[in-house]
Amino acid sequence: MAFLNPSLPSALSDYENETTEASIQEMEAFRVTTKNNTKEMMGVCMTWKDLCVTASMGKKGNNKLILEGLTGYAKPGQLLAIMGPSGCGKSTLLDALAGRLGSNTRQTGEILIDGRKQALAYGTSAYVTQDDTLLTTLTVREAVHYSAQLQLPDSMSKAEKKERADFTIREMGLQDAINTRIGGGWGSKGISGGQKRRVSICIEILTRPRLLFLDEPTSGLDSAAAYYVMKRIATLGQKDEIQRTIIASIHQPSSEVFQLFHNLCLLSSGRTVYFGPASSASEFFASNGFPCPPLHNPSDHLLKTINKDFDQDNELGFAVNGTIPTEEAIQILQNSYKSSERNQEVQKEVASLSEMGTSSKDKRKRHSNFLSQCLVLTRRSSVNMFRDLGYYWLRLAIYVALAISIATVFYDLGTSNGSIQDRGSLLMFESSFITFMTIGGFPSFVEDMKVFKRERLNGHYGVTAFVIGNTFSSIPYLLLVSVIPGTIAYYLPGLQKGFDHFVYFTCVLFSCLMLVESLMMIVASIVPNFLMGIIIGAGIQGIMMLSGGFFRLPNDLPKPFWRYPLFYVAFHRYAFQGLFKNEFEGLRFASNNNEVGGDSINKYISGEEILRDKWQVEMGYSKWVDLAILLGMILLYRVLFLVIIKITEKVKPVVLSLMSRSLHHTMVMENPNATPLHRELV
């Protein structure tokens, strides 16, 4: 059924003839490409047979069957759409085909790529997620260009990478928005949702992958934007001469989008309702007693017929299928498909494609080298930090305001006996509460981690390159927010004169800021939730401050936990003691005992005595050792950040997989009379 959705702009009428012409061009391009181009220019044949996926719900006896006995194929130059109601298993099927299933799932069945069992190599396939996780501060050009520099090999020159990026941008119709920021952040609208989706696709097709997975590419888009996005996707092969194999999960396409599909996989509750040409789906439903009403969107009719989420409407007289319950309608369609000639054709096609495997193997495409990735990530992160007001600039404004407040409260301390406590309080506030405000950048850290996880999952670069790039890009900004507020808070209160003392003060402040930022990055890598991350990060810093040796002197701290080991683990201890040594060594203060023998005389107390007796500072080593320990802790925190990401990537999936297998084994033992298939799926 062909008709235009009245909600679409009138501009779509210009595409009515174009769609037919494009189809002819696609067929001709396929013939020419198949004949003249090498295998490197061809798409990938993917087949799956009796595919089943079971998810462990984390409790004994509570595994859930998500996909059951699916069989199908995807061919070069064609767009396969996976459709079905919410929760039917569309994304799970896509993840299974792309090798992205979680470690708490078990997969059975056979998935072949060009007739072979093999993992998808980097550059051969690309996966566009449902959420457009992008750096909102970059322009379209910058986002794609930086990605090209990261992904494309060093054998290509910078000019060639730039040309590839520009061509890809034009390929997706983004040339008019090329200098517009992606936006979506603080007061920045940026590009539209459809354009963001196309930017995500641009980034993933830079390596010219022959297999493209898309999870809900039209989610959140209006009908016009959805059509334009899918039109660009469906015609990618015409522009870069690659007969790309495209598999997309899609929820509820318009009639115009539905016409772009070559094949359709229709699911309900993880089972196949229909697989075959999209144009024949309505005929299949009609032959089983569920015809599409006139002037209705075929995809809407298909989904309404098999959506059992609203079965209660049958009791109210609103049943879509007349008096037939939806569950029964689904059963009729599934049984009809199993016994149909269409299913036999699919089985034969899968068998045929499975036997056409070649002896040659896909070569894994190369990235840019490690040093290039570090430099590109440093530049990109620096640009993002400069343009994101919430990353450093708002914090700088708050730091300056706090520094002015400190300077006015502690103005001109002098060297009286009372100034001893005042100086200690000022230094404690500087190294603790001001650096505590670094948690204000946590939302930006979380967004950075989201972008990293997407790019890392797609194989754009390594963990080490990301950590190095993030570290070096932040150093200039942290120096800025250390020097400016530090100058105000140091000189106006009249702390110890001498430029070397000021430099030391600034270095400690910088070290504390970077340590807290490293701590929050670690938290962001473990707890991506904004609210929970703020709470955990603030809690950790509060405990460290409490055990740092100011609120309770070191010798008075309870020895279990607080003195050993927390007093030596908390970086506040080294910041306090280093700043105290820097401030009090070499100074003299008035003593509070001014009456001796009835005569009023001036007596002084040295800074060294204050450090030893009042603050209980360890005097066995210099202040530079404290600073060196702080710098070493920065390195330790960053390495810990790297290790945690690695553990999350490798160890956690293994542990969850072992837990899942243990649960599965227990369930099989409890049901020894089950059939082999049932044992595998329970």
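Is R612 buried, partly exposed or exposed? At 46% relative accessibility, R612 counts as partly exposed. Here, buried means under 20% relative accessible area, exposed means over 50%, and partly exposed lies in between (1.4 Å probe, protein chains only). R612 also meets D613 in a salt bridge, with 3.7 Å from N to O. A salt bridge is a side-chain nitrogen of Lys or Arg within 4 Å of a carboxyl oxygen of Asp or Glu.

The model is predicted: local features need pLDDT of at least 70, side-chain atom pairs count only at pLDDT 80 or more, and totals for chains, interfaces and linings use all residues. Residues are numbered from 1 along each chain as its sequence is written, and side-chain values use heavy atoms, with hydrogens and water left out.

The structure holds 17 salt bridges. One of them pairs K75 with E349; the closest N and O atoms are 3.2 Å apart. K75 lies in the loop between β2 (63-74) and β3 (79-83), and E349 lies in helix α12 (residues 341-354), so the pair ties together parts that are 274 residues apart in sequence. Helices (H or I, at least four residues) and strands (E, at least two) are DSSP runs, numbered from the N terminus. Both partners are partly exposed: K75 has a relative accessible area of 25%, and E349 has 23%.

A second salt bridge joins E171 and R208, with the closest N and O atoms 3.9 Å apart. E171 belongs to helix α4 (residues 158-171) and R208 to the loop between α5 (193-204) and β6 (211-215), so this pair ties together parts 37 residues apart in sequence. E171 is buried, at 2% relative accessible area. R208 is buried too, at 12%. Elsewhere, salt bridges that share partners join E204, R380, R454 and E455 into one network.

Helix α6 (residues 223-234) has twelve residues. At 1.5 Å a residue, α6 should span 16 Å, and its end C-alpha atoms are 16 Å apart, which agrees. The expected span is 1.5 Å times one less than the number of residues. Nine of the twelve residues of α6 are buried, so the helix is largely enclosed by the rest of the structure. Among them are Y227, M230 and K231. D222 caps the N-terminal end of α6, where a side-chain oxygen lies 3.0 Å from the backbone nitrogen of A224.

Helix α19 (residues 530-546) contains I536. I536 is partly exposed, with a relative accessible area of 31%.

Definitions and conventions
Polar contact = N/O pair within 3.5 Å; in protein donor to acceptor, adjacent residues only side chain to side chain.
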